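Please keep the sequence and the structure in view while reading.

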Amino acid sequence: MLDSMLFKTILKHSFDFPVKVNYADGSSKQYGGDGTPEAVITFRDNISVKELIKNPSVCLGEAYMDGIIDIQGSIQKIIASAYRSEGSFLRSAKLKKYHPHQDHSENKNKADIQSHYDIGNDFYKLWLDSTMTYSCAYFENPDDTLEQAQMNKVHHILKKLDPQPGKTMLDIGCGWGTLMLTAAKEYNLKVTGITLSKEQYNYVNQQIKELGLEGQAEVILEDYRELKHEPFDYITSVGMFEHVGHDELPRYFKIINKYLKNDGIALIHGITRQQGGASNAWLDKYIFPGGYIPGLVENMTNIVEAELQLSDLESLRRHYQKTLEIWDKNFNAHREKIVAKMGERFARMWDLYLQACAASFESGNIDVMQFQLTKGPSGINMPMTREYMN
């Protein structure tokens, strides 16, 4: 009884559209206005108040994974509404006390990265596009396919470097290699990628051989902090600094400085927050161990202290929202196959992850930005206007 009363209080101001909640004690309550409910949340059992207060993100996430909470309607819409609504439990300071302790030693980072990216290439192939790009796409046109939008993003990044044929490029956290291999094939750059994922490393090596890029492209299975190489003309890093951790961010940007030639150019693309840095306990436990979203000001402070200069900054928040919505649609199109291989709990976990992230971008709780940096005065050796990026 007390559990239901607490949830009724917590959810009272959490939605800005009609949501019906069925409680474990048999009672029901509608929030967010009158009219036909656009979503229904059902508690099939009581949830511990102690666990909720101790760690709401993990408590509610696990309850959904275990089927204790069921949702009819869009999870994304529910969570986005909760982020937007004044007085929502997602905006309550009382329920934001827990921050996971994170270790970003080289051994822990390796284990964290492999726990996420080495689930298996076959799993990611089910719902990513054919480029195997697992980061924000760039929709130049509303009807762009996901594959077109991912290639748009790759070219958008490379064009921002104003790349000159024959020069060198380092891709820190190269993923499945589409960015670095496109730089080699279409921009005639000599490229080096670095990753901690064995699955990605093997995949990129295979692509290098199939494309005949031996001698022009290489991939290294190593922590970026252990890299030993001559400086590069260009550095890219996409979806990487979210894995670095608060304490290691200053070092990350200093390493970019170290491996960038004088007057070199870097394009750093990653998830950030305009409200300040944050971590999420459920994501840390189940999806991205060690994940930390740095704040915009935090990033800029570290960039300046690393003696780099900002020459361009672009937000792609709406593009990542759309990317995640397509990923989740693709994921659920193959859900039966995923459940058969990984289990229902895993499928519910990943569906929740994809929709919750889309909601977070939709509501502005998180953002994704491209930082164009120079080692030297801002924009040195760059064209005077932004037309060259198009």
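Predicted model: local features only at pLDDT ≥ 70, side-chain atom pairs only at ≥ 80, totals over all residues.

Because five of the five residues of strand β3 (residues 39-43) are buried, the strand is largely enclosed by the rest of the structure.

## Pairing of β3

Strand β1 (residues 19-22) pairs with β3 in the parallel sense, over four bridges, and within this pairing T42 of β3 is the bridge partner of N22. With strand β4 (residues 69-72), β3 runs antiparallel, and four bridges join these two strands; here V40 stands opposite Q72 in β4.

## Packing of α10 and α12

Two packed helices are described by the angle between their axes and the distance between the axes. For helix α10 (residues 249-258) and helix α12 (residues 296-305), the axes come within 8 Å and cross at roughly 45°, an angle that lies between the limits of 35 and 65 degrees, and α10 and α12 are therefore oblique to each other. The crossing in which α10 passes α12 is right-handed.

On the α10 side, the contact is made by L249, P250, F253 and K254, and on the α12 side by E298, N299, N302, I303 and E305. Sorted by class, the residues in this contact of α10 with α12 comprise four nonpolar, two polar and three charged ones.

Notes
Residues numbered from 1 in each chain as written. Heavy atoms only, no water. Axes fitted to C-alpha atoms, helices over the stretch in contact; angles between N-to-C directions. Parallel < 35°, antiparallel > 145°, perpendicular 65-115°, else oblique. Left-handed = near helix turned anticlockwise from the far one by under 90°. Contact = heavy atoms within 4.5 Å. Nonpolar A, V, L, I, M, F, W, Y, C, P; charged D, E, K, R; others polar. Buried < 20%, exposed > 50% of the residue type's maximum accessible area, 1.4 Å probe, protein only. Pairing = 2+ DSSP bridges.
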